[in-house]
Amino acid sequence: MDGARLLEYCLAKPGAWQDEPWEGDVVAKVGDKIFAFLGDTSVGLKCGRSREEADELTRVYPNDVAASAYIGRYGWNVITLGGAVPGDELRELVDQSYDAIVRKLPKSKRPTG
């Protein structure tokens, strides 16, 4: 899966929208929170409630998944696009990241649908 298709998938989520909070860095948000950091060759996703949970993915795909800089300790990973992580699993990871962020939003800011 390439970055353009992944962005499309992210933006199809209820309440999702594209932002560029830093010049040249595209993210997908729900409410005012980021659920995916999108790059040309990688994506950053929330892959667990803790670093320990997110590390399960780094053990399965050691060459294509790594802890995110700065926010990795909170369960965020960087996943290489076009690597060993299959497209269907990547979509599931996007779904999980989106769901984790939506759960943290105040009920008044959660998307309906």
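Me: Leaving aside its neighbours within four places in sequence, which residues is K13 in contact with?
Reply: K13 is in contact with F35, V94, D95 and Y98, once neighbours within four places in sequence are set aside. Contact means heavy atoms within 4.5 Å. This is a predicted model: local features need pLDDT of at least 70, side-chain atom pairs count only at pLDDT 80 or more, and totals for chains, interfaces and linings use all residues. Residues are numbered from 1 along each chain as its sequence is written, and side-chain values use heavy atoms, with hydrogens and water left out.

Me: Where is K13 found? Is K13 buried or exposed?
Reply: Look for K13 in the loop between helix 1 and strand 1. Helices (H or I, at least four residues) and strands (E, at least two) are DSSP runs, numbered from the N terminus. K13 is buried, with a relative accessible area of 15%. Buried means under 20% relative accessible area, exposed over 50%, and partly exposed in between (1.4 Å probe, protein chains only).

Me: How many salt bridges does the structure hold?
Reply: Start with the general idea. Side chains of opposite charge can pair when their charged atoms come close. A salt bridge is a side-chain nitrogen of Lys or Arg within 4 Å of a carboxyl oxygen of Asp or Glu. This structure holds four. One of them joins K13 and D95, at 2.4 Å from N to O. K13 lies in the loop between helix 1 and strand 1 and D95 in helix 3, so the pair ties together parts that are 82 residues apart in sequence. D95 is partly exposed, at 23% relative accessibility.

Me: Which residue forms a salt bridge with R51?
Reply: D55 does, and the closest N and O atoms are 2.9 Å apart. Both residues lie in helix 2 (residues 51-60). They are four residues apart, about one turn of the helix. R51 is buried at 14%. D55 is partly exposed at 24%.
Another salt bridge links the side chains of E53 and R49, at 2.7 Å from N to O. E53 counts as partly exposed, at 28% relative accessibility. R49 counts as exposed, at 71%.

Me: Which residues form a positive surface patch?
Reply: K33, R103, K104 and K109 form it. Patches are made of residues with over 30% relative accessible area and no salt bridge; like charges are joined within 9 Å, and nonpolar side chains (Val, Leu, Ile, Met, Phe, Trp, Tyr) within 5 Å. Lys and Arg count as positive, Asp and Glu as negative; His and the chain ends are not counted. K109 sits in the segment after helix 3 (87-104). K109 is partly exposed, with a relative accessible area of 45%.

Me: What is the phi of Y70 near?
Reply: First the general idea. Most residues other than glycine have a negative phi. Phi of Y70 is near 70°, a positive value in a residue other than glycine. Y70 is in the loop between strand 5 (65-67) and strand 6 (76-80). Y70 is exposed, at 75% relative accessibility.

Me: Which residues does G15 touch, not counting those up to four places away in sequence?
Reply: G15 touches K29, V30, G31 and P111 on that count. Take V30. The C-alpha atoms of G15 and V30 are separated by 5.6 Å, though the two are 15 residues apart along the chain. G15 lies in the loop between helix 1 (3-11) and strand 1 (16-22). G15 is partly exposed, with a relative accessible area of 45%.

Conventions. Accessible areas come from the Shrake-Rupley method with a 1.4 Å probe; for residues, only the protein chains shown count as cover. The place of a charge is taken as NZ of Lys, CZ of Arg, CG of Asp or CD of Glu.
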